[in-house]
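Let's take a walk through this structure together, starting with a charged stretch of the surface and moving on to the strands and the backbone.

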Amino acid sequence: MALSGLDIYKLLPKTNCRQCGLATCLAFAMQLAKKTLPIEKCPFVSLEAKTTLEAQAMPAIKLITLGSNESKFDIGNETVMFRHEEKFRNPTGVGFIIDDNHSDTEIKERLKKINQLKFERVGQELRVNLVAIKQNKDAQRFLEATKLLLDNTTLPIMLMSSDPAALKQAAVISQERKPLLYSAQQKNFAQIAAIAKEFQLPLVVTAQDIDQLSQLTKELNALGVKELILDTGIKPIADKIWDLTQIRRQALKKSNRALGYPSLAIVQKSDPYEEAMEAGAYIAKYAGIVLIKGWYSWEVLSILTLRQNIYTDPQKPLQIDPKLYPIGQVSRDSPVLVTTNFSLTYYTVLTEVEAGKIPAYILSVDTQGMSVLTAWAAEKFNAEAITKSLNSLGVKEVIGHKNLIIPGYVAMISGDLEDQSGFKIIVGPKEAAGIPSFLKNLQ
Amino acid sequence: METQLVLEKWQGVISTVIIGAKKEEGGSRSDTVKIGGQITMPLLFKEGATPNKPRIAFEISDIAPFDFDEELIATYGKAVNDPFAWADICVNEYKAGLLCLKMQGTHPDFGNKSPESAAKFISALLSKVKVPLIIIGSGDDAKDNLIMPACSEAARGERCLIGCAVQDNYKTLVASVLADGHSIIAESPIDINIAKQLNILISDMGLSLERIVINPTIGALGYGLEYAYSIMERARLAALSGDKTLASPFICFVAQEAWKTKEAKASSQQGIIWETLTATSLIQSGADLLVMRHPKAGQNVSNYIEALFKG
């Protein structure tokens, strides 16, 4: 919870000595609250005040980087319970668990498939993030399987074993890749912590409830292990959602440092549909890492798309390049529909134009990612802006007519637009769903 | 040391809306469907009561649908040409607890069915199918204003859920729903202020807030899902904080959006998972009624709901 200027003032010497450059301690406190001046500007500040302010500057949920090469990714540092309050910052890492009791060929085959899971959507590349190897046999097999991982994927890796000796062996050979260790539990945390500390690796902490979990993170902190990720073990989905929500609330609403870490959820279901639904719930509800087993591309695409949606910044909508897009087998006579460059608007119009099966052009005007009515209100989708796009985006060179279809919601600009652009303006439907029948009737 | 749980204490409660009326209630349905009534954010069972599960309504149409993907047509086969056979499959084979009927054939472009024949169709369907009914117009405002009063009257006393009322076309529908004892769907374009405003306008006409279900207008997975997701969360938070004018359950037209996407059309499994995950993500943000098409997606979501509510 952020301290107010007044809270900070109470911690200052209140002598108004002006050495910080400001007239009063209160004025200095206000600047500290805004984080525009560092506490060091005050030569007389107490150690207590300094510690409190430093703690306040630390994120409520620790930022943790996983992996070491170009595939590394961040989790944590989240600041809100609901995305509309600001945004969710670091997208859930989606990872795969591979059991070490599969044959070498099988493991290689899976890794090959996992490596290929990359998708392009709305101008963004969607990727998977992590591969975990899970011990099911002896330490020797776990070591061999870890080698297979190191040699066959560049994705960050995670080592899953309850045997400290096996985990250590695997950590030794993979330390350069900064593997995530799984996991420290009540029964073995001192031994596992020693491995994490020796190789400077992030560590998952597992306990069935948040009481035990906070106890463990405190113990681990005392042992010098601070890169932690929280896991509440195997339980029904609704209980898991409750735990993830409670951990997030503890960190954000109570500044509970013992639970101020990202969390991890292992999906229990194995049917691809069930797996996707369960993973989806954890992505929506705060998991920093979600681990699944299935690697069907249709399943993974749906999971990554959900993550893309949930982690889109509500204040910065996705945009596309403003230009003239040909849809289908267009000719010089094909109709031209104008819309904004807000991805959702554009793709909605696109889907309907395609559904109508009548070739057409979509002219996407640069509205800085605003939708039709918002952009119109902000004067980014008015007669001037559209005329400018008609001239600058080469429309006249490509089409042989002078008709332009505008969204029904901006019918009011038709007169102005006709005057300024010299095009004949046709008012289209208000909703994109009306486009197919509109285009049909136009012919 | 025991960690003190952070619990939200809300003063608001979401309205309970009942769809369908049994014989003793003046209708002829075999069962009723109750939605809403929760006093906490979705799926946080340890924080407060969620007395009613989200429910799935299977979507059917009075004419052969033109916006059904090949996968869906293949699944239902010839039944899509016969709404009665189609309804029968949904209820008996796929165990639909309620049906969502779209009166597509009344649209000027798609058959332009008269109010009389629409009413006749509703009566026939009600006599053949016994589950509660959601009835949706064709989306042509002028024509809906002729058709929907006739449909509403034909279903008088059956406590249907009828839609969709929109900000600039709600009066005719509200009057019919009020007269014939139904509930209404209030549709707003991913806009919490319009949702609130429309609920106020409707209740000002005398239809109580307990008879309104909000259609927040959703986008499919990958196509703006997050907008509806956050609008629903915001509306739900406002409702639980005590804003009665937003305390309505949500209906989400999942399938029509999901099956429009390129991804859904790519393969049978991808279509099913697209519809499935769109639905479950909206459950996470507060959906109470999900209008769905593919039986496998319906079954996935229904199993998921059962699992969530079991523990």
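Helix α16 (residues 414–421) of chain A is the biggest giver to a negative patch, supplying three residues. Before going further, please note that this is a predicted model, in which local features need pLDDT of at least 70, side-chain atom pairs count only at pLDDT 80 or more, and totals for chains, interfaces and linings use all residues. Residues are numbered from 1 along each chain as its sequence is written, chains are lettered from A and ligands numbered from 1 in the order in which they are written, and side-chain values use heavy atoms, with hydrogens and water left out.

The negative patch on the surface brings together A:Glu379, A:Glu384, A:Asp416, A:Glu418 and A:Asp419. Patches are built from residues with over 30% relative accessible area and no salt bridge, joining like charges within 9 Å and nonpolar side chains (Val, Leu, Ile, Met, Phe, Trp, Tyr) within 5 Å. A salt bridge here is a side-chain nitrogen of Lys or Arg within 4 Å of a carboxyl oxygen of Asp or Glu. A:Glu384 sits in helix α14 (residues 383–392) of chain A and is partly exposed, at 44% relative accessibility. Buried means under 20% relative accessible area, exposed over 50%, and partly exposed in between (1.4 Å probe, protein chains only).

A nonpolar patch also lies on the surface, where A:Leu6, A:Leu26 and A:Met30 share about 250 Å² of accessible area. A:Leu26 belongs to helix α2 (residues 25–33) of chain A, and its relative accessible area of 34% makes it partly exposed.

Now for the strands. In a regular strand, side chains alternate between the two faces of the sheet. Strand β12 (residues 289–292) of chain A is covered on both faces: A:Ile289 and A:Leu291 are buried on one side, A:Val290 and A:Ile292 on the other. Strand β3 (residues 93–99) of chain A pairs with β12(A) in the parallel sense over four bridges, and strand β11 (residues 264–266) of chain A runs parallel to β12(A) with three bridges. Pairing requires at least two DSSP bridges between two strands. Opposite A:Leu291 stand A:Gly95 and A:Ile266.

Which backbone details deserve a look? Most residues other than glycine have a negative phi, and most peptide bonds are trans. The bond from A:Tyr182 to A:Ser183, however, is cis, with omega near -10 degrees. In chain B, B:Arg159 is not a glycine, yet has a positive phi of about 50 degrees. B:Arg159 lies in the loop between α4 (141–154) and β6 of chain B.

Definitions and conventions
Accessible areas come from the Shrake-Rupley method with a 1.4 Å probe; for residues, only the protein chains shown count as cover. Helices (H or I, at least four residues) and strands (E, at least two) are DSSP runs, numbered from the N terminus. Lys and Arg count as positive and Asp and Glu as negative; His and the chain ends are not counted. The place of a charge is taken as NZ of Lys, CZ of Arg, CG of Asp or CD of Glu.
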